[in-house]
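Q: I am new to this one and would like to learn how to read its strands. Could you walk me through them?

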Amino acid sequence: MSRALRLTKILRVIGRYRLDEFIDRKQLPALPCFALGLVPWRLHKIPDLSRGARLRRALEELGPVFIKFGQMLSTRRDLLPEDIADELAKLQDNVPPFPQQQSIAIIEQALGKPVTELFASFESTPMASASVAQVHCATLHSGEQAVVKVVRPDIESVIREDVALMLTLAKLAAKYHPQGRRLRPVEVVSDYELVILDELDMAREAANTSQLRRNFENNKLLYVPEVYWDYTCRNVLTMERISGIPVTDVEALRTRGTDLKLLGERGVEIFFTQVFQHSFFHADMHPGNIFVDATDPADPTYIGVDCAIIGSLSDADQYYLGRNLLGIFRRDYREVAQLHVECGWVSPETRVQEFESAMRAVCEPIFERPISQISFGQLLVYLFQTASRFDMEVQPSLVLLQKTLLNIEGLGRQLYPDLNLWDTAQPFLEEWVQQRYSPQSMLKRLQHHAPSWIEQLPQLPEAVLESLQQSRDSNRGSPSQPQHLNVAKQQQATRGMRRRRIMAAVACIAAVTTAVPGAWQHVADAPLVSWLLAALALGLLWPRKR
């Protein structure tokens, strides 16, 4: 019932602001077009507002989930008309605030003291208001300038209702839409539910902020404010107050003489550093969360806030994503096609040559344009449409990453329209691949896994013996071979397999010994009897000719 009521409200808001004008009825099938004509939209007079303002107000009225959607859209100026993008940009930090009395009550209840005792000064009028929380300025008794972020009251129930409605629509899409299974809408909405509910937990955001601050400590690329943990809990976050120019205020940056080209390139570098070096990336980098320290205009620094949404990739995802992006940059479509099959993004039965040819047909016309006119976001859309022919499924684990990349590109092109994303990203990826497989990196990873291997080392001889015994029993129990088969070759192959297993076990022991500092010295100091026993064990295990 609650979902039906919520859907009714959404339809009323759409009708009140006459958002039906955004629907191109010519593109709709006959039945939906007929149904749309029956809905009494025209009972509402078109408000005396621009189309962008009507869309913005409708999203504000529908609540935080829809506001977040508008925030994401506002960064894609290459996909939206200018008037709509300008209006949606106001959603970044200009959402109507909730009453200041409620804000103060939440802080006092959460921290257990009146604000007059907690802070040397506290501004009850919020300095900014967003979809999930609003921010007040304060001064600590120790003198630090701070901001206090307070979660909107009763917002969780609203979010859960909206997500439940989205989940219902996703299930219908998965069942009835021709591309429903491939797009995996239910998994995508479920992942989004976890993300947006995590955004309500200020303690989690504080922990993310501290981690991101450590990752970029003493780094000129990005500054992250300090968290004041004594004034932070689940629904209140207090952290250092920063001063900077909003990244959207390009005119102010130009007035200061800021190097916008360097700033745009550094935005791309920050993204790839977070994804491939730290595997911990800010996944909500819309312009409302980014400021610029232009104290030195020739060497500007980004300032990042609002770390509620953080993404992370596994080693396997890092590897396949990096190699795929590098393959696209190099126009090596064969490698991209093979990687898609190898990592399971498309069916194993996919013909690599056919997939390669389809990707080449999509990419080559785009790459023939001037580099400043190439939109990576648009390229992803084209590739996604092409991959659907090969039954490619949406990867929910990469949804946050894709969204963040689109945000970064939109932001970079807003700062510097001629930003060359390719020349900025390709050297970084090439260096990352080279470092990943350098001897130093391999040794570091061996040392990382060494404790686990050492823990399993005592069971290794028993596992080898069990494997050999299973192989022997399998050979004894196998049916008699046809006469024309060469029995000698079979025995030789079996002995070769046993040798390889023994050598693999020896290699594992050697790898662990290499990874542990000082281990070789302990091996060298072993008594002679230990060497003799090891040689005897190896001699007994080594397969012989019969």
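Q: In what sense do S3 and strand S4 pair, and over how many bridges?

A: Two strands pair if DSSP finds at least two bridges between them. Strands themselves are DSSP runs of E, at least two residues long, numbered from the N terminus. Here, S3 and S4 (residues 145-151) pair in the antiparallel sense over 7 bridges. In this pairing, Thr-139 stands opposite Gln-145 of S4.

Q: What kind of model is this, and how are residues numbered?

A: This is a predicted model, where local features need pLDDT of at least 70, side-chain atom pairs count only at pLDDT 80 or more, and totals for chains, interfaces and linings use all residues. Residues are numbered from 1 along each chain as its sequence is written, and side-chain values use heavy atoms, with hydrogens and water left out.

Q: How many residues lie between S3 and S4?

A: The two form a hairpin with 5 residues between them, and Gly-143 in the turn has a positive phi of about 105°.

Q: Which other strands pair with S3?

A: Strand S1 (residues 121-122) pairs with S3 in the antiparallel sense over 2 bridges, with Ser-121 partnered to Thr-139. Strand S2 (residues 128-129) is also antiparallel to S3, over 2 bridges, and Ala-128 stands opposite Val-135. S2 and S3 form a hairpin with 3 residues between them.

Q: Is S3 buried or exposed?

A: Buried means under 20% relative accessible area, exposed over 50%, and partly exposed in between (1.4 Å probe, protein chains only). In S3 (residues 133-139), 7 of the 7 residues are buried, so the strand is largely enclosed by the rest of the structure. Both faces are covered: Ala-133, Val-135, Cys-137 and Thr-139 are buried on one side, and Gln-134, His-136 and Ala-138 on the other.

Key: Helix = DSSP H or I, 4+ residues; strand = E, 2+ residues; numbered from the N terminus.
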